[in-house]
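Dear colleague,

Please find below the structure that I am handing over to you.

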Amino acid sequence: MSEPTSGLLTFLFTDVEGSTSLVRELGDDYPAVQARQRGLQREAFVNHDGRVIDSQGDSFFVAFTRPGDAVRAAVSAQQALGAESWPRTAELRVRMGIHTGPVELADERYVGLAVHRAARICAAGHGGQVLLSHASLALLEDEEHALPGVEFRDLGESRLKDFDRPVRLHQVIAPRLAAEFPPPLSAAPSALPAVRASDADREGAVSALREHSAAGRLTLEEFSERAERAYAARTFEELEAIGRDLPATAPAERRRRPKRFTAAVFANTVRTGRWRLPRFGLAFVLFGDADLDLRQAELEHSVTTITAIVLLGNVDVYVPEGIEVDFGGLGIFGHRREFGRDVPPVPGTPLVRVRIFSLLGTADLWRVPAAWVGRPFREVIKALRRGPQGELPPPEGEGGR
């Protein structure tokens with residue numbers, strides 16, 4: 001048996017349902033019953049390449065390198081327990097929970113959120129039931145041939161103890177295992193110590209935000225704000241809270257068509273609200289005025305280039321504060337100005353390149369804080385122009401940033 005180490009591992013937790021009642025019912029016979037129960041389970045786990053990490057009382061904590069081994073071990077253990085003849089009228093029923101996730105091995109102990117989640121999945125089950133997380137099930141798609149007679153019933157999402165975000169659970173269906181159970185148990189959060197997040201966890205959270213932004217769920221401004229919070233997060237709970245209103249996966253969806261061309265010829269044109277930024281966009285202004293509001297725009301790529309050709313006109317570009325902007329171009333007999341604070345961008349935020357080529361035209365870039373989202377252009381321009389060094393003050397009635 002190969003010993004599981006740090007990395008992506010599968011964990012199996014087991015616990016006897018109603019053990020206190022069994023002790024009362026069996027009395028002096030309980031130690032022998034417990035020893036037999038432990039022996040049957042340990043044999044099933046070891047026979048399927050499981051490493052018993054801990055076993056206290058009638059509970060087990062077992063690690064596997066492959067989720068398929070964990071499922072086979074759980075089924076084998078449940079079948080052995082169900083075939084055993086227990087004394088008197090006692091019915092020994094064990095609940096089991098399986099989850100796969102990344103962990104680290106420190107001082108011969110596994111450290112990581114995956115361990116806690118596996119334990120909570122076990123606690124949500126009922127005696128005789130085997131619950132499996134969707135993360136583990138996804139890794140079993142190529143092992144169907146190795147699990148004959150085993151099926152998985154989707155139980156939907158359940159909120160687990162100490163986790164804010166629901167987890168999709170599946171029940172293992174196999175021969176000689178009970179199939180009908182009440183819904184999984186849910187529990188209120190407890191005061192367990194918060195699990196600290198690593199740099200890799202924060203990078204992963206920002207990467208997920210980027211995918212949701214590309215799917216059209218987050219605007220440029222929302223992505224910037226959440227990415228900043230992700231890099232400042234200290235615990236897993238804080239990271240989960242950032243994406244709590246987003247789905248666990250980003251399925252393909254119908255997206256808005258990118259707005260690739262904007263024109264203002266002897267007219268005023270406004271591009272604002274939720275619109276999709278293309279990789280390359282073009283604006284043409286002739287004796288007119290164009291307002292390009294990127295604050296609530298959706299991303300198509302991590303780098304966006306907007307080129308504006310201005311002839312005897314004006315273009316104003318509004319971007320969220322904290323987004324990386326490369327503002328350049330060429331102007332002849334006109335001006336190109338920037339207003340607002342040039343806040344250092346959070347790592348991983350998109351890059352917006354704005355190129356202005358003007359003849360007797362003007363171009364202004366306005367960096368707007370999140371507190372001013374949705375404010376009219378005139379109000380933003382007026383406040384920025386009167387603020388110290390072109391910085392935008394807090395809106396009236398609100399505190400500073």
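**Surroundings of D58**

Leaving aside residues up to four places away in sequence, D58 touches T14, D15, V16, S19, Y30, Q34 and Q37 (contact means heavy atoms within 4.5 Å). The model is a predicted one, in which local features need pLDDT of at least 70 and side-chain atom pairs count only at pLDDT 80 or more, while totals for chains, interfaces and linings use all residues. Residues are numbered from 1 along each chain as its sequence is written, and side-chain values use heavy atoms, with hydrogens and water left out.

D58 is found in the loop between strand 2 (51-56) and strand 3 (59-64) (strands are DSSP runs of E, at least two residues, and helices are runs of H or I, at least four, numbered from the N terminus). D58 is buried yet has no salt bridge, and R38, the nearest side chain of opposite charge, is 7.2 Å away. Here buried means under 20% relative accessible area, exposed over 50%, and partly exposed in between, with a 1.4 Å probe and protein chains only. Lys and Arg count as positive and Asp and Glu as negative, whereas His and the chain ends are not counted.

**Salt bridges**

The structure holds twelve salt bridges, each a side-chain nitrogen of Lys or Arg within 4 Å of a carboxyl oxygen of Asp or Glu. One of them joins E84 and R36 (3.2 Å, N to O). E84 lies in the loop between helix 3 (67-83) and strand 4 (94-106) and R36 in helix 2 (residues 30-47), so this pair ties together parts that are 48 residues apart in sequence. E84 is partly exposed at 25% relative accessible area, and R36 is partly exposed at 41%.

R66 and D69 also form a salt bridge (2.7 Å, N to O). R66 is partly exposed, at 38% relative accessibility, whereas D69 is buried, at 5%. Both belong to a network of salt bridges that links D49, R66, D69 and R72.

R295 and D293 meet in a salt bridge of 2.8 Å, N to O. R295 is buried at 2% relative accessible area, and D293 is buried at 2%.

**Composition of a pocket lining**

The residues that line the second largest pocket divide into nine nonpolar, four polar and four charged. In this division Ala, Val, Leu, Ile, Met, Phe, Trp, Tyr, Cys and Pro count as nonpolar, Asp, Glu, Lys and Arg as charged, and the others, Gly among them, as polar.

Yours sincerely
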